[in-house]
Amino acid sequence: MAKTVGFIGLGMMGRGMAKHVLGSGHPVALLLRSKEDEVRCADLLAGGARPLKTAAEVAAAADIVIICVPGSPQVEDVVFADHGLLQGIKPECVVVDCSTSLPESTRRVAAAIATRGGLFLDAAMTGTPKDADEGNINLLVGGDSAVLASVRPVFDTFAKNIYECGAVSSGHTTKLLHQFVVLGNAAILAEAFSCAGKTGVNLEVLCDVIASGGANSTAFQRLRPFVLEGNDQLFRFSLANAHKDMHYYARMTGEAKAVSFIGDAVHNTYTVAANLGYATQFVPHLVSSLNKLNGPTTSSA
């Protein structure tokens with residue numbers, strides 16, 4: 001049975017997800033606040049998606065609301081602001097937060113939605129905008145198993161793997177651990193490449209060595225084209241978002257009173273990159289920020 005699915009947040013990930021839900025035959029409602037939003041989503045509107053102006057309107061129209069915004073401040077604004085989701089939510093409406101959010105904030109949001117009779121899942125994503133466009137993202141889900149079962153047919157339209165992580169907020173907790181591993185790996189590689197430049201190591205040879213041994217990784221494969229060719233398009237995740245995710249990781253480890261020696265160093269690396277003016281650039285430019293600190297290089301590709 002088709003369910004109406006509302007989307008709040010139609011950036012590089014959300015728009016691809018909405019395309020697949022609409023294509024599967026579910027009615028779709030979109031939060032579009034500007035003419036620019038309407039232009040960006042023109043194909044979805046042409047396919048029958050319904051444009052709405054407030055989160056409250058989306059909640060009132062939908063059986064499932066999928067939020068896909070940068071982080072917890074934006075999620076809380078969507079939920080708690082005037083004309084926000086809480087003002088229009090219907091009993092049994094399932095709210096799904098696919099953002100990368102702070103677990104402590106996620107629990108507050110879930111509790112508020114429950115007071116209005118709504119249901120909640122945190123369903124953090126891993127994957128790239130290309131994966132979202134192709135319907136191949138991974139979902140890390142926290143919340144009640146029965147609620148997940150009720151929305152799984154919708155998730156199946158845009159996700160290749162759905163991981164049931166545990167109670168509410170466990171999906172976001174798992175995502176932050178994942179981000180620490182990926183972004184920590186990227187930070188280590190960026191520092192190694194910058195040091196290679198400083199010490200005269202041939203970058204092509206270094207890349208071949210890494211690719212042939214235990215240091216090879218997805219992060220390396222996404223950074224390699226930037227190091228050798230200046231191509232940053234294989235790691236299309238902004239340093240601002242990376243910095244935010246590592247800040248959330250630091251908050252989470254602090255709340256848990258967990259050891260975070262390496263996490264603190266990785267967080268600091270992204271903080272420095274943002275402070276040096278690279279926040280709007282993609283993650284490969286972490287190498288550029290370290291090169292700026294290191295000064296002139298002597299290596300050749």
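Start by selecting K35, E38 and K53, which are linked in a network of salt bridges, a salt bridge being a side-chain nitrogen of Lys or Arg within 4 Å of a carboxyl oxygen of Asp or Glu. The model is predicted, so that local features need pLDDT of at least 70 and side-chain atom pairs count only at pLDDT 80 or more, while totals for chains, interfaces and linings use all residues. Residues are numbered from 1 along each chain as its sequence is written, and side-chain values use heavy atoms, with hydrogens and water left out.

Next, select D37 and R40, whose side chains meet in a salt bridge (3.2 Å, N to O). D37 counts as buried at 16% relative accessibility, whereas R40 counts as partly exposed at 38%; buried means under 20% relative accessible area, exposed over 50%, and partly exposed in between (1.4 Å probe, protein chains only).

Then move to R108 and E76, which form a salt bridge with their closest N and O atoms 2.9 Å apart. This pair links distant parts of the chain, with R108 in helix 6 (residues 103-115) and E76 in helix 5 (residues 72-80), 32 residues apart; helices are DSSP runs (H or I, at least four residues), numbered from the N terminus.

After that, select E104 and R251, where the side chains meet in a salt bridge (2.8 Å, N to O). Here E104 lies in helix 6 and R251 in helix 12 (residues 239-256), 147 residues apart.

Finally, select G214, in the loop between helix 10 (203-212) and helix 11 (218-229), which counts as exposed at 85% relative accessibility.

Conventions
Helix = DSSP H or I, 4+ residues; strand = E, 2+ residues; numbered from the N terminus.
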